[in-house]
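Please view the sequence and the model first, and then read the notes below, which are grouped by topic.

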Amino acid sequence: MFPQLEQLRFGYENTLFAQLRSRFRGVLNSQLAGSSAFDSRKGSLLGDAVRITPDLLPEVYATYQSCLDAVGGSLIGDLYIQQNNDYNANVLGRGNRFDVLVYSGMIRDFSQDELRFVFG
């Protein structure tokens, strides 16, 4: 899995996650155990976003992959871009897989260092 995740969160976030796990253990386990939620979200990404490859945006792709490599732990993932002028991003993660969706406004307006911060 990703053992350093708790170290990346703020203390109060770990407390909230622990409370959620204890209150909703049965619901969370049934929802998270299977891959249906993950696969459903991944499928919807392909419906309204573009998966970035080295051929499409080589610098952006390399920046994202370098962030995965920097964290370590054999992380893998895809980068998606959705057409939108806003600055927003989200992550879809399971196990060692982290797919990131960013809005095109960020790709247009952010430097590679700023994108590295967002991906990180």
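Of the 120 residues that make up the chain, 28% count as buried. The model is a predicted one, and its chain holds 7 helices and 4 strands.

**Overall layout**

- Along the sequence, the elements follow the pattern α-α-α-α-β-α-β-β-β-α-α.
- Among contacts in the chain with a separation of 6 or more, 42% are made by residues 24 or more positions apart.
- The chain has an accessible surface of about 7900 Å², and carbon and sulfur atoms account for 55% of that surface.

**The nonpolar core**

- In soluble globular proteins, nonpolar side chains tend to be buried together.
- The largest nonpolar core in this model consists of 14 residues, and Leu79, Val102 and Phe119 have the most contacts inside it.
- At least two residues of this core come from each of α5, β2 (79–82), β4 (97–103), α6 (104–109) and α7.
- Helix α5 gives the most to the core, namely 4 residues.

- Phe119 is located in helix α7.
- Its relative accessible area is 10%, under the 20% limit, and Phe119 is therefore classed as buried.
- Leaving aside residues up to four places away in sequence, Phe119 touches Val60, Thr63, Tyr64, Cys67, Leu79, Val100 and Val102.
- Asn90 is 29 residues from Phe119 in sequence, and the C-alpha to C-alpha distance between the two is 9.3 Å.

**Aromatic pairs**

- A pair of aromatic rings is described by the distance of the centres and the angle of the planes.
- A search of the whole structure finds 2 aromatic pairs.
- One of them is formed by Tyr64 and Phe119, whose ring centres are 5.4 Å apart with 80° between the planes. The angle is over 60 degrees, so the pair counts as edge-to-face.
- This pair links distant parts of the chain, since Tyr64 belongs to helix α5 (residues 58–71) and Phe119 to helix α7 (residues 112–119), 55 residues apart.
- Both Tyr64 and Phe119 are buried.

**Salt bridges**

- Side chains of opposite charge can pair when their charged atoms come close.
- The count for this model comes to 5 salt bridges.
- One of them joins the side chains of Arg51 and Asp78, at 3.8 Å from N to O. This pair links distant parts of the chain: Arg51 is in strand β1 (residues 50–52), Asp78 is in the loop between α5 and β2, and 27 residues separate them.
- Arg51 is partly exposed, with a relative accessible area of 39%, whereas Asp78, at 18%, counts as buried.
- Arg108 and Asp109 meet in another salt bridge, at 2.9 Å from N to O. Arg108 has 48% relative accessibility and counts as partly exposed, and Asp109, at 38%, is also partly exposed.
- A further salt bridge brings together the side chains of Arg116 and Asp113, at 2.6 Å from N to O. Both residues lie in helix α7, 3 residues apart, which is about one turn of the helix.
- Within that pair, Arg116 is partly exposed at 35% relative accessibility, while Asp113, at 55%, is exposed because the value is over 50%.
- Salt bridges that share partners also join Arg51, Asp78, Arg97 and Asp99 into one network.

- Phe10, Tyr12 and Leu16 make a nonpolar surface patch of about 360 Å².
- Leu16 is part of helix α2 (residues 11–23).
- With a relative accessible area of 45%, Leu16 is partly exposed.

Definitions and conventions. Residues are numbered from 1 along each chain as its sequence is written. This is a predicted model: local features need pLDDT of at least 70, side-chain atom pairs count only at pLDDT 80 or more; totals for chains, interfaces and linings use all residues. Side-chain values use heavy atoms; hydrogens and water are left out. Rings of Phe, Tyr and Trp (its six-membered ring) pair if their centres lie within 6.5 Å; planes under 30 degrees apart count as stacked, over 60 as edge-to-face and the rest as tilted. Buried means under 20% relative accessible area, exposed over 50%, partly exposed in between (1.4 Å probe, protein chains only). A nonpolar core is a set of buried Ala, Val, Leu, Ile, Met, Phe, Trp, Tyr and Cys residues joined through side-chain atoms within 4.5 Å. Contact means heavy atoms within 4.5 Å. Patches are made of residues with over 30% relative accessible area and no salt bridge: like charges are joined within 9 Å, nonpolar side chains (Val, Leu, Ile, Met, Phe, Trp, Tyr) within 5 Å. Accessible areas come from the Shrake-Rupley method with a 1.4 Å probe; for residues, only the protein chains shown count as cover. A salt bridge is a side-chain nitrogen of Lys or Arg within 4 Å of a carboxyl oxygen of Asp or Glu.
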